[in-house]
Amino acid sequence: MAIATNNKRIVVGDLDFDTIKANIKAHLQGQEEFSDYDFEGSAMATLIDVLAYNTHYNNLYTNLAVNESFLDSASKRANVVSLAKALGYTPRSATCATATVTCTLTGVDPSAATATIPREQAFTTQVDGETYTFFNLSSQTVSRSSNGNFVFTNVELLEGVKITHTYTAGKGQKFLIQNENADLSTLKVQVKPNSTSNLVDVYTRNTNIVDALSDSKIYFVKEIEAGLYEITFGDGTLGKQLDNGNHITLTYFVSSLDASNGARTFTYDGATVLSGTMSVTSTSRAANGSASEDIDSIKYNAPRLYAAQNRAVTPDDYKTLIYSNYPIAKSVTVWGGEDNNPPVYGKTFICIKPTDANKLTNVQKEFVKNNILKQRNIISVTPEIVDPEYFNIKITSFVYYNPRLTDNSPTEMENIVKQEILDYDDNVLQKFDTMLRYSQLVRLVDDAHPAITNNITRIMVRRQFIPAYNISSEYKLTLINPISQDGGKQGDVFASTGFYIPNRTRIHFLDDDAVGNIRLYYIGSDQTKVIVNPNIGTIDYENGNVIVRNLTITKLDGPIFEFQVKPESYDVVPALNQIVQVSRDLLTVEAIEDNTSNGDLEGGYGYDFNSVRS
């Protein structure tokens with residue numbers, strides 16, 4: 001405790017060591033006994049140091065202790081988990097990667113009518129030189145197909161190492177899951193009256209005490225120190241109570257986290273089935289493997305899940321349930337059917353951007369709907385999961401730099417700027433509800449290196465479509481942002497990649513006529529545009545809508561079919577399921593020496609910017 005000079009008021013706001021020490025000296029010098037005392041170089045100076053140190057230490061300790069008492073400010077995982085527990089929130093465990101495959105059994109005795117793959121057979125794969133083992137968690141029996149083989153479709157595989165712990169119930173006995181990477185979704189809890197009994201009760205995890213009766217065979221999970229988990233059972237009021245001597249078996253899989261994500265090629269290493277040969281074809285690559293929930297995620301999800309009360313009513317409820325139960329969800333957006341375009345009443349639309357892909361597979365969508373939302377959403381509302389719609393931003397940047405301020409070559413300067421733009425893409429964009437701010441982008445380019453004096457950066461928005469081949473189809477682009485009319489120049493604000501149409505051998509393209517029509521054309525032998533259809537669609541510049549009707553594509557000229565538009569404003573605003581991201585293969589940066597920094601009054605004038613077409 002420190003005292004001010006002569007007024008003797010208590011100073012409680014000074015926590016710095018030197019300030020506390022000065023306050024103690026000021027207090028003592030204000031006393032008649034020490035008015036002329038020289039505190040420097042005396043034994044009293046050492047005592048004052050001890051008092052100041054003790055006061056500072058206690059202040060620091062108290063500050064840290066108070067911070068750890070609140071969810072928002074806590075930094076130690078054990079404290080964050082404990083505070084989340086008070087909100088009824090259990091942090092998400094690690095999850096095992098999953099995959100779906102089709103198995104074909106050949107070379108089997110013709111007399112066999114059916115074949116069965118037993119449960120928990122090994123399937124191996126390699127990722128980055130490391131071998132990982134997957135298991136099918138359920139058996140599957142099929143009949144012989146028309147070609148004489150046995151085909152097992154939609155075989156679900158799960159990666160991990162199977163672990164089993166056994167305990168005997170008794171006073172003070174704790175039931176621990178002794179691995180921090182355990183996947184709790186794979187946990188099976190079995191209870192027998194004693195170790196020799198053949199009677200087995202399967203207990204299920206309880207997440208809602210409203211459903212817990214005195215004889216309910218349920219268990220509860222809580223995270224303890226070191227990221228491990230403890231299983232607890234009922235007390236006879238909420239759940240059935242164990243008897244002394246009961247034999248408890250805990251079985252679960254330990255995950256390799258995200259290391260096996262992306263695996264596509266699997267080999268069957270299980271028991272031989274009917275002496276045949278098993279070949280494996282991947283239906284969906286391995287995904288969903290992840291570490292346990294981190295501190296920031298717990299802080300974000302715990303209060304929101306408490307507010308949601310384990311039900312899905314509002315858009316935030318849906319988001320929280322998905323974030324807290326589906327670890328690969330990088331970004332989630334939800335909107336009601338009444339806000340959809342066009343409106344669809346009675347539905348809630350959900351769009352999820354996964355961490356390791358552009359969209360969810362059908363298997364992953366079904367998992368979210370059936371395992372996360374089905375028991376929680378309103379019966380009268382049907383959730384529908386839709387794919388993200390990506391706006392790929394083509395960036396062309398001319399960067400001026402002062403060569404006197406750097407030894408970097410133009411190529412090195414270009415790479416520095418590219419990396420800054422890519423970091424902006426990774427850290428700011430690629431999420432729902434985040435927009436590309438043009439002013440931020442050009443400022444990042446200017447600040448990428450001290451030698452950069454200014455930049456001229458242009459953007460184009462590109463939207464990729466999956467063409468419907470040999471069918472007359474409609475393609476829509478809803479940009480939300482107004483589209484530039486660029487002074488009436490034809491084809492400068494809208495264009496498409498090349499494609500072929502029926503009964504034609506030339507590559508065709510789309511552009512606009514600057515007055516609201518989309519044209520179908522090809523390039524003639526004299527390198528001029530030959531208009532095939534002057535009105536195959538419309539472009540609404542003001543509202544940012546493009547519609548192409550009755551277009552039949554037989555094949556593409558390149559790998560993708562894409563529209564490119566020039567927005568009126570370089571601020572690109574997404575809506576609903578739209579995501580803005582930088583098109584990395586179309587990112588162009590050209591470093592140019594700034595002549596004005598060398599005294600040349602012409603500066604950058606004379607450079608042909610149109611030589612790099614936007």
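Biologist: Among contacts between residues at least 6 apart in sequence, what share joins residues at least 24 apart?

Modeller: The share is 68%. Bear in mind that this is a predicted model.

Biologist: How does the radius of gyration of the protein stand against that of a compact globule?

Modeller: A compact globule of 614 residues would come near 25 Å. The protein has 33 Å. The C-alpha trace spans about 100 × 95 × 50 Å along the principal axes.

Biologist: What secondary structure does the protein have, and what part of the residues counts as buried?

Modeller: The protein has 8 helices and 33 strands. Of its 614 residues, 45% count as buried.

Biologist: Why is S331 called buried?

Modeller: Buried means under 20% relative accessible area. S331 has 5%, so the label applies. This residue lies in strand β18, residues 329–336.

Biologist: Which residues does S331 touch, leaving out those up to four places away in sequence?

Modeller: S331 touches Y323, C351, I352, K353, K431 and F432. Take I352: it is 21 residues from S331 in sequence, yet the two C-alpha atoms are 5.9 Å apart.

Biologist: Which residues of helix α3 are buried, and what puts them on the same side?

Modeller: In α3, residues 77–85, the buried ones are V80, V81 and A84. They cover an arc of only 95 degrees around the axis, so they sit on the same side of α3.

Biologist: Is N288 buried or exposed, and how do you know?

Modeller: Its relative accessibility is 13%. The cut-off for buried is under 20%. Therefore N288 counts as buried.

Biologist: What about the phi of Q430, and where does Q430 lie?

Modeller: Q430 has a phi near 60 degrees, a positive value in a residue other than glycine. Q430 lies in the loop between α7 (410–427) and α8 (438–446).

Biologist: What makes Q430 buried?

Modeller: Its relative accessible area is 11%. That is under 20%, so Q430 is called buried.

Biologist: How far apart are the mean positions of the positive and negative charges?

Modeller: They are 8 Å apart, for 53 positive and 71 negative charges.

Methods: Residues are numbered from 1 along each chain as its sequence is written. This is a predicted model: local features need pLDDT of at least 70, side-chain atom pairs count only at pLDDT 80 or more; totals for chains, interfaces and linings use all residues. Side-chain values use heavy atoms; hydrogens and water are left out. Helices (H or I, at least four residues) and strands (E, at least two) are DSSP runs, numbered from the N terminus. The radius of gyration is taken over C-alpha atoms; the globule rule is 2.2 Å times the number of residues to the power 0.38. Buried means under 20% relative accessible area, exposed over 50%, partly exposed in between (1.4 Å probe, protein chains only). Contact means heavy atoms within 4.5 Å. Lys and Arg count as positive and Asp and Glu as negative; His and the chain ends are not counted. The place of a charge is taken as NZ of Lys, CZ of Arg, CG of Asp or CD of Glu. The arc is that of the directions from the helix axis to the C-beta atoms.
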